[in-house]
Amino acid sequence: MSHYLKYFATVYLTLVLLVGILIYVFNLGVILLIPALIFSAFFSARYFVKKELRLPTQEEKSKLVWGSTIIAMTFEFVLLFIVIWLHPQADEIYRAISYAGRGPNSFLVAAAIALHALLFHIAYNGYARYSLAKRTGLEREQD
């Protein structure tokens with residue numbers, strides 16, 4: 001499974017860097033990183049199906065979903081820290097974060113984890129099924 005997690009990390013990090021440069025150059029919103037996450041999740045699920053020619057088992061799916069969630073959240077927290085640290089009003093941002101308290105911040109992190117896990121579950125369950133059906137359909141047409 002580590003091979004597929006490394007593949008996801010490579011694809012996601014590459015897309016985050018490319019989109020991050022576009023965001024910085026054109027002064028766009030950070031919301032553009034969401035399509036990069038979705039693309040990376042679906043691309044990694046398709047890569048698994050292409051290599052293994054099957055759907056992941058429940059154990060594999062669990063490792064892929066939670067491993068990808070951890071990798072994505074780690075990249076995102078590092079990026080968020082760097083963006084806040086480089087911001088000219090970093091002190092005000094830190095004060096606003098501490099003023100909000102642990103409860104709301106913890107809720108936001110838990111919601112982000114749940115949304116990431118849901119996205120990866122959809123990718124490794126639904127999109128993997130679609131990719132496998134499409135792949136087996138192409139193989140049948142070639143026969």
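This is a short talk about the surface and overall build of one predicted protein chain.

Okay, some ground rules before we look around. The model is predicted, so local features need pLDDT of at least 70 and side-chain atom pairs count only at pLDDT 80 or more, while totals for chains, interfaces and linings use all residues. Residues are numbered from 1 along each chain as its sequence is written, and side-chain values use heavy atoms, with hydrogens and water left out.

Let's start with the overall build. Helices here are DSSP runs of H or I with at least four residues, strands are E runs of at least two, and numbering goes from the N terminus. The C-alpha trace spans about 65 × 35 × 20 Å along its principal axes.

How much of the chain is buried? Buried residues make up 29% of the 143 residues. Buried means under 20% relative accessible area, exposed means over 50%, and partly exposed is in between, with a 1.4 Å probe and protein chains only.

Now contacts, meaning heavy atoms within 4.5 Å. Take the ones between residues at least 6 apart in sequence: 80% of them join residues at least 24 apart.

A patch is made of residues with over 30% relative accessible area and no salt bridge, joining like charges within 9 Å or nonpolar side chains within 5 Å. A salt bridge is a side-chain nitrogen of Lys or Arg within 4 Å of a carboxyl oxygen of Asp or Glu.

The nonpolar patch covers about 1,000 Å², and its members include I21, F26, I31 and I38. Which helix gives the largest share? That's α1, with five residues. Helix α2 also supplies at least two.

Helix α2, residues 33–52, gives the most here, with three residues. K50 is found in that helix and is exposed, at 52% relative accessible area.

Last, charge overall. There are 13 positive and 9 negative side chains, and the centres of the two sets lie 3 Å apart. Lys and Arg count as positive, Asp and Glu as negative, and His and the chain ends are not counted. Each charge is placed at NZ of Lys, CZ of Arg, CG of Asp or CD of Glu.

Note on methods
Accessible areas come from the Shrake-Rupley method with a 1.4 Å probe; for residues, only the protein chains shown count as cover.
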